[in-house]
Amino acid sequence: MEGEENGTRHLSCADSEPPYAQELLQSLDLPGRFLFAILTLMTLIANLVFIEEVIYIYKKIPSSKRSIIIWINAAAPVIATTSCIGMWIPRSTMFTDFTAAVFFAIVIHKFLVMMIKECGGQKLLLRRFENSHFKISTGPCCCCCLCLPHVRITRRTLFCLKLGTFQFAFLRPVFMFLSIVLWTDGNYTPHNLSLKGAAIWISCFIGALTIFALWPVAIMFQQVRTLLVCKKIIPKFALYQFILILNHLQTAIINILAMQRIISCAPPLSSLARGAYISQQLLIMEMFLITLISRVFYRRRYSDLEPPECTTDEAGDNKQTPKIILNGSVN
């Protein structure tokens, strides 16, 4: 009997396929069921907080900024929801991860557009930084290349920055669709990183696209962070970075540990399935906290977000305007 049990455990650990939802739920003990209930409740609360925030945005924020702010605020609830679905249905993990990755690719582009909008739009941004230059020697692409020249801020450079994030928002769904098509034909396995497999090449392309998409956001943030201090751009950028690190880097590290069998199997979960299981539970808790913190920085009245620089510049222009006195003298 002991040998049969060890053999069954060994076969369960060797199987790379996640279990069905019914098998997972039947294997849960009382603490496991309690954890499932708590994490599901966190996901529900995160979505309710987001819905309440959307109602506030539609009432208080101008129409030109509504969709952008809603997209950015939806990142954490969407990731928490996809993680919760993947936790309940382990075999849907690949599809839920793809959905979260595609959504956040669009959020990266939206965050760049939001910084431009918060400066008053492209025309006002170009007017304010007419004689300024972008510092392009910044992360994650060229943080070590200090010899790179500064680039003048023009319409063309702004278009290049937008194109850098838009290519990721467009190409990421294309690569995800290609991955699913290859997976249905048996030619794509997410955890097969051999040179003959398609996963390693698609992952490398997506990694390069991610770096080139994050670079324009960092360049723009370095330029406008002083101007937009009153609009809480620094904590907003920090939240955006936290979502990026937790959703990509943390998940990648856990998957590597699972592939190396450092995360042991726990029947009916194999090492790979248990790694995804742990990652999903962590993401639900982390995205729940980020949703609550985001509400503090984004749920603000529009009048409170106006930068004081506009008033200062207008006052300075008025002071420099010459005044003609009746006797013909000029001040």
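Predicted model: local features only at pLDDT ≥ 70, side-chain atom pairs only at ≥ 80, totals over all residues.
View 1. The largest cavity holds about 80 Å³ of space, and its lining is made up of Ile 72, Asn 73, Ala 75, Phe 104, Val 107, Lys 236, Leu 239, Tyr 240, Ile 243, Ser 294 and Tyr 298. Sorted by class, this lining of the largest cavity comprises eight nonpolar, two polar and one charged residues.

**View 2. Helices that supply the cavity lining.** At least two residues of the lining of the largest cavity are supplied by each of α4 (63-73), α6 (93-118), α10 (233-259) and α11 (271-298). The largest share comes from α10, which gives four residues to the lining of the largest cavity.

**View 3. Packing of α3 against α4.** Helix α3 (residues 30-60) packs with α4 at an angle of about 165°, and the two axes lie 10 Å apart. Angles over 145 degrees count as roughly antiparallel, and α3 and α4 are therefore roughly antiparallel to each other. The crossing in which α3 passes α4 is right-handed. On the α3 side the contact is made by Phe 50, Glu 53, Val 54, Ile 57 and Tyr 58, and on the α4 side by Arg 66, Ile 69, Ile 70 and Asn 73. By class, the residues of this contact of α3 with α4 divide into six nonpolar, one polar and two charged. Asn 73 of α4, which takes part in this contact, is also among the residues that line the largest cavity.

**View 4. Packing of α5 against α11.** The axes of helix α5 (residues 75-88) and α11 come within 8 Å of each other and cross at roughly 150°. That angle makes α5 roughly antiparallel to α11. In this pair, α5 passes α11 in a left-handed crossing. From α5, the residues Ala 76, Pro 77, Ile 79, Ala 80, Ser 83, Cys 84, Gly 86 and Met 87 meet Tyr 277, Gln 280, Gln 281, Leu 283, Ile 284, Met 287, Ile 290 and Thr 291 from α11. The residues of the contact of α5 with α11 divide into eleven nonpolar, five polar and no charged. Helix α11, which meets α5 through residues including Ile 290 and Thr 291, is also one of the helices that supply at least two residues of the lining of the largest cavity.

Definitions and conventions
Residues numbered from 1 in each chain as written. Heavy atoms only, no water. 1 Å grid on protein atoms, 1.4 Å probe; cavity = no way out; pocket = protein on both sides within 12 Å on 5 of 7 lines; lining within 4 Å. Points joined across faces, edges and corners; volume = space filled by probe spheres on them. Nonpolar A, V, L, I, M, F, W, Y, C, P; charged D, E, K, R; others polar. Axes fitted to C-alpha atoms, helices over the stretch in contact; angles between N-to-C directions. Parallel < 35°, antiparallel > 145°, perpendicular 65-115°, else oblique. Left-handed = near helix turned anticlockwise from the far one by under 90°. Contact = heavy atoms within 4.5 Å.
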